[in-house]
Amino acid sequence: MSEASLPSLGSLPNRLLRLYAGLALYGTGIALQIESRLGGSPWDVFHQGLAVHMGLSVGMWIIIVGALVMLLWIPLRQRPGIGTISNVILVGVFADAVMWLVPAPGPLAARWACLLAGVVVTAAATGLYIGAGLGPGPRDGLMTGLNRLGLSIRTARTLIEITVLAVGWLLGGVVGVGTVVFALAIGPLTQFFMPRMRPRG
């Protein structure tokens, strides 16, 4: 990224604030979707399945898987930024913290509210941390790295998410209507939030 492009993203303190607010919200969104017990995103079904089958918390598996995915960046010649490293460490921490602080809702209406809030918060968080311009998340970098090898973004993302969803389901992760809601809503919602989360001026 050239120096000329930095002013459009805002000052470094502002970008760091946006990055860490985005990562905190991203972990919150993951936690809300998991706590709904209606099904999470493909990656979170995978993390949940690992937690069920192998122990440790969901947040710890988010961290471990993120670090392992970054190893795949090496042959793909992807370069991490401070946002990438922060993503690996903090999203799982915030997800565990919110799941510990917020009790799982009982009534179905409350579970739906939890699910929908989680999807919206995740989309807004994506706009914040990507808008900071300090490096992609490890899973996003895997997708763009495969794109550099010749796969389209759509094909790369589809292959990755189908794989982790299937493995996560086999390990005991919760696949449900929430997984479908996430798949259908996350793209349009992220597109809605991205320009609105961009720094002004």
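Trainee: How do the residues of the lining of the second largest pocket divide?
Mentor: Sort them by class. Ala, Val, Leu, Ile, Met, Phe, Trp, Tyr, Cys and Pro are nonpolar, Asp, Glu, Lys and Arg charged, and the others, Gly among them, polar. The lining of this pocket then splits into six nonpolar, three polar and two charged residues.

Trainee: What kind of model is this?
Mentor: Residues count from 1 along each chain as its sequence is written, and side-chain values use heavy atoms, without hydrogens and water. Local features need pLDDT of at least 70, side-chain atom pairs count only at pLDDT 80 or more, and totals for chains, interfaces and linings use all residues, for the model is predicted.

Trainee: Which helices each supply at least two residues of the lining of the second largest pocket?
Mentor: Start with the residue list. The lining is Pro42, Arg157, Thr158, Glu161, Ile162, Leu165, Thr179, Phe182, Ala183, Ile186 and Gly187. Helices here are DSSP runs of H or I with at least four residues, numbered from the N terminus. Those that each supply at least two residues of this lining are α7 and α8.

Trainee: What volume does the second largest pocket have?
Mentor: A pocket is an open set of points on a 1 Å grid over the protein atoms alone, with protein on both sides within 12 Å along at least five of seven lines, and lining residues have an atom within 4 Å of a point; in a cavity, a 1.4 Å probe fits but cannot get out. Points join across faces, edges and corners, and volume is the space filled by probe spheres set on them. For the second largest pocket the volume is about 230 Å³.

Trainee: Which residues lie closest to the centre of the largest pocket?
Mentor: The largest pocket holds about 590 Å³ of space. Its lining counts 29 residues, and the closest to its centre are Tyr26, Tyr129, Asp140, Arg157 and Glu161.

Trainee: Which helix gives the most to the lining of the largest pocket?
Mentor: Several helices take part. At least two residues each come from α1 (12–36), α2 (42–54), α4 (82–101), α5 (108–131), α6, α7 and α8 (177–196). By class, the lining has 14 nonpolar, 10 polar and five charged residues. With five residues, the top contributor is α6.

Trainee: How many cavities of 30 Å³ or more does a search of the whole structure find?
Mentor: The largest cavity holds about 40 Å³ of space. Its lining is Gln33, Ile34, Arg37, Leu38, Gly39, Gly40, Gln48 and Val174. That lining has three nonpolar, four polar and one charged residues. The number found at 30 Å³ or more is one.

Trainee: Why are α6 and α7 oblique to each other?
Mentor: Angles under 35 degrees are roughly parallel, over 145 roughly antiparallel, 65 to 115 roughly perpendicular, and the rest oblique. Axes are lines fitted to C-alpha atoms, for helices over the stretch in contact, with angles from 0 to 180 degrees between N-to-C directions. Helix α6 (residues 138–148) and helix α7 (residues 153–171) have axes 9 Å apart. They are oblique because they pack at an angle of about 130 degrees.

Trainee: Which residues of α7 make the contact with α6?
Mentor: Contact means heavy atoms within 4.5 Å. From α6 come Leu142, Met143, Thr144, Leu146 and Asn147. By class, the contact has six nonpolar, two polar and one charged residues. From α7 come Ile153, Ala156, Arg157 and Ile160.

Trainee: How many nonpolar residues does the contact of α3 with α4 have?
Mentor: The axes of α3 (residues 58–76) and α4 come within 7 Å and cross at roughly 165 degrees, so α3 is roughly antiparallel to α4. Contact residues include Met70 and Trp73 of α3, and Asp96 and Met99 of α4. Four polar and one charged residues take part, and the nonpolar count is 14.

Trainee: How many charged residues does the contact of α2 with α7 have?
Mentor: α2 and α7 pack at about 30 degrees with axes 7 Å apart, so α2 is roughly parallel to α7. Among the contact residues are Pro42, Trp43 and Phe46 of α2, with Ile160, Glu161 and Trp169 of α7. There are 12 nonpolar and three polar residues, and the charged count is one.

Trainee: How far apart are the C-alpha atoms of Thr28 and Val98?
Mentor: Thr28 lies in α1. Thr28 touches Val98 and Val121, leaving out residues up to four places away in sequence. Thr28 and Val98 are 70 residues apart along the chain, yet their C-alpha atoms are separated by 6.0 Å.
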